[in-house]
Amino acid sequence: MIAEVVKGSSAQSAGIMAGDEITSINGKAVTDWYVDVLAIRNSHGRELTLGILRSGRALTIKATPKLDVIEG
């Protein structure tokens, strides 16, 4: 489940919202969250098709992850 979406992030641009549950990535069911998070991180620049469960409703969202650099 997505706890928070960073303002101005590629996730926000794609329409992902806090409370969304990612159920699939490119048609493959999410079964191991750690492995799937790594897959998303390693796919920056390539479009993904995400299956999302939002308030009991199934959605499909296309997203292109990007590497966000935080300056500090």
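Visitor: Which residues is serine 24 in contact with, leaving aside its neighbours within four places in sequence?

Guide: Contact means heavy atoms within 4.5 Å. In this predicted model, serine 24 is in contact with Ala29, Val30, Thr49, Leu50 and Gly51, once neighbours within four places in sequence are left aside. Residues are numbered from 1 along each chain as its sequence is written, and side-chain values use heavy atoms, without hydrogens and water. Local features need pLDDT of at least 70 and side-chain atom pairs count only at pLDDT 80 or more, whereas totals for chains, interfaces and linings use all residues.

Visitor: Does serine 24 count as buried or exposed, and in which strand is it found?

Guide: Buried means under 20% relative accessible area, exposed over 50%, and partly exposed in between (1.4 Å probe, protein chains only). Serine 24 counts as buried because its relative accessibility is 17%. The residue is found in strand β1, residues 21-25. Of the 72 residues of the protein chain, 28% count as buried.

Visitor: What pattern does the protein chain follow along the sequence?

Guide: Helices (H or I, at least four residues) and strands (E, at least two) are DSSP runs, numbered from the N terminus. Here the pattern reads α-β-β-α-β-β, with 2 helices and 4 strands.

Visitor: Why is the protein chain described as being as compact as a globular protein of that length?

Guide: The radius of gyration is taken over C-alpha atoms, and the globule rule is 2.2 Å times the number of residues to the power 0.38. For 72 residues the rule gives 11 Å and the protein chain has 12 Å, which is close, so the chain is as compact as a globular protein of that length.
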